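Visitor: I have the sequence and the coordinates open. Please take me through them by question and answer.

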Amino acid sequence: MAMLEVERLRKSFGGLTATNDVGFHVDQGEIVSIIGPNGAGKSTVFNLITGVYRPDAGDVRFEGTSIVGKSTNQVVDLGIARTFQNLRLFTNLTVLENVLISQHHRLRSNWLSAVFRTPSYRRQERAMREVATEKLGFFGPRLQSFRLHQPVYVLSYANRRRTEMARAMATGAKLLLLDEPSAGMNPKETSEITQIIRRMRDEGGYTIVVVEHKMNLVGEISDRVIVLDYGQKIAEGAYRDVVNDPKVIEAYLGKKAGDDKREELADG
Amino acid sequence: MARIVTPTAFDAIDPKKRVRNVALTFLAVGVGVLVLYLLEGIGSTKLVQALALLAIWGVATVSLNLINGTLGILSLGHHGFMLIGGYTTGLLMLDEAARQRILTSARSTMTEETLALSVSNLLRGFGLEALTTPETLWVRFLIAIFLGGLLAAFAGLLVGTPSLRLRGDYLAIVTFGFGEIIRLTASTRLFSAYTNGALGFPGVTSEFGKSIWWTFGALAFTVFVISKLKYSSYGRAMQAIREDEIAAQAMGVNVAYHKVLGFVISAFFAGVAGGLWVSWLGGVRLDFFLFQLTFFFLVAISAGGTGSITGVLLGTAVVVFVRQYGDPLEESYSIQTWLYIASATLALAAAGAVLFRTLRRLRPRLHWGSWVLVGGAAAAALVAAVDPAVIEGTFRGFGMRAIFLSVLLIVIMVFRPDGMLGRTEFSWSWFLREQRTGPTDEERTQDAWLSNPAFGSEAGRAAAREQELAEDDTDAPEGSDDEGRR
């Protein structure tokens, strides 16, 4: 059974149909990329899955149960976490605090036990710290030791991206939705992120959906690629097949002059 | 890529220093208690009362800061919650004569049935009537304060649940409105058996409110609960909501729940502060709970630093000090004297700034602003000493206290926009030479790793280093701490 099933998902904002009957599935342990030109509806799909928007029609099922209508934090409880296209870190808090906050929803102590630091709360807090350093360890020691206690605003852009990915992993999610994980990164950092995403799947056991613009990254990591254009799925398959699909080329590059006429003749 | 895990430090401070800090804190508290004891013994009533007021307002500001600083919600309704706590405590602590007076004056407007629900029965219902002897009165006081807090917390729940969906200015207006609604409702006929209308009532025992032991005890409890909460997982979640509500929700934080939780806890302590405030004043009146009160708290919070509990207490101390000891400012003096006062104030401010910068190890120690203050002080003194035309006549400083406080706030906001302590808590390391001189071992390890990803030859290391230099992967150095703040 597929881990995530998206069925005929539709959402419009006023007159604009952001996604129109988009459907796909993601299997356990897969890395699936969603690509498409600007405004194709990629981020909207993420927002629909994570409950930021409520779809007008269609269904999203995670591990067999529908998650439509659940609030964003309930979706995280179920095991889907995301990163954001334009970083949304807790800038004035430290790296460690950022990664601890995403584990807060799994805390099984009420606020009074937290205030009085009961043994059970202390145990959980220690466990949370261990998880945090483990997830930050995916990026080598660059986010370890003294960096843990630095506020995020002193970090470089790349380190902020890494922190955000660690934060998403620490939620305890099984499915990660990464919205442009390599945006604003240089080629070396991009290739590091490529390896990290692979390792997140291979060592971390995460299933990953990526929205990305950098085609070499998409080509290297994807088991499958889904192409959206104007809110519709126009292609799906292995990277090599998809990039050679005439419809995909058309969506990215447009048609040659006179193509329309030829099509009409062919239809007629 | 090889996976390298370096030994990591979970705690920002190393355990030895933490033990030392705790020891120093206990020592300071001990010395503080001793000083309070001596002060009470010497019998400077005014100072003791000012200290009691500092503790009471401290309860209010620290709790208000849980909403304003930690949750990042501008709440303007704190005086409303204080009113609920204040009236509850006031009613439960009434002496017999005052209770009879309320009942008599209420009898003219109320039916017997309504009266039956009122003060006497309230006391009887809680069994508090029995607790009137000096030996048992403190139990009654504790119960009264606690009930005041509980009622205020309940009001906080009622107010918070529907309104916390709003954001920013809209929410501020709603909380302000609720504060006023609570105050005006208390003045209506419906509640006059409890509140005696707008007149209120005297006759609340001030034995506890003016005692530094009770008030500082309450402050210690408040600071304990709120700081432990702030530095727990729940507090982190609340700060996440302050930083970015959408991201917090996307990371699984139940935003609505945590907002209401913070609001209710804050309202509880506001109720406690209200009860103490009424006990300090020795009576209840509606105009003890004007919006002005919340405004003073906000001034104290902004002056001290919204991100810091110790900062808020420092700000409260400044506001209370000006309020209690500012009355000479409102007298009539010759203009020459005024100039000398201004000169002395500016000089003190400059000295304070230098002391502060020295303690916080900010460089240069003599900020240009301090020179401006010193220049102003010198100019004022010079004019006062030299020019006979200016110094004739007298001037009465009506409202000078408020002006002084405003100027103080402006100065603080210009030089420390985040408040005196900003986001940092007071730390003993300010006094002990702990300035970093070079990178720590951990930092060296990390640098070595970053410049040596392959753990290869010297040549490879050099190449890697060059590559690192070429790329913009350098983080801002520590200490550039104002960068990137909102």
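Visitor: What percentage of the contacts in chain B with a separation of 6 or more is accounted for by residues 24 or more positions apart?
Guide: This is a predicted model, where local features need pLDDT of at least 70, side-chain atom pairs count only at pLDDT 80 or more, and totals for chains, interfaces and linings use all residues. Residues are numbered from 1 along each chain as its sequence is written, while chains are lettered from A and ligands numbered from 1 in the order in which they are written. Two residues are in contact if their C-beta atoms, placed from the backbone, lie within 7 Å. For chain B, the share asked for is 80%.

Visitor: How many helices and strands does chain B have, and what percentage of its residues count as buried?
Guide: Helices (H or I, at least four residues) and strands (E, at least two) are DSSP runs, numbered from the N terminus; chain B has 20 helices and four strands. A residue is buried if 20 or more other C-beta atoms lie within 10 Å of its own, exposed if 12 or fewer, and partly exposed in between, with C-beta atoms placed from the backbone. Of the 486 residues of chain B, the buried share is 38%.

Visitor: Why is strand 3 of chain A described as largely enclosed, and which strands pair with it?
Guide: Five of the five residues of strand 3 (residues 31-35) of chain A are buried, so the strand is largely enclosed by the rest of the structure. Ile31(A), Ser33(A) and Ile35(A) lie on one side, with Val32(A) and Ile34(A) on the other, and both faces are covered. Strands pair if DSSP finds at least two bridges between them. Strand 3 of chain A pairs in the parallel sense, over four bridges, with strand 8 (residues 207-211) of chain A, and likewise, in the parallel sense over four bridges, with strand 9 (residues 224-229) of chain A.

Visitor: Which element gives the largest share of the side of domain 1 of chain A that touches domain 2 of chain A?
Guide: The domain bounds, from an automatic or database domain assignment, are 1-76 + 174-268 for domain 1 of chain A and 80-172 for domain 2 of chain A. Across this boundary, 24 residues of domain 1 of chain A are in contact with 16 residues of domain 2 of chain A. The largest share of the domain 1 side is five residues, from strand 7 of chain A.

Visitor: Is Thr94(A) buried, partly exposed or exposed?
Guide: Thr94(A) is found in the loop between strand 6 (80-82) and helix 3 (95-101) of chain A. With 19 other C-beta atoms within 10 Å, Thr94(A) is partly exposed.
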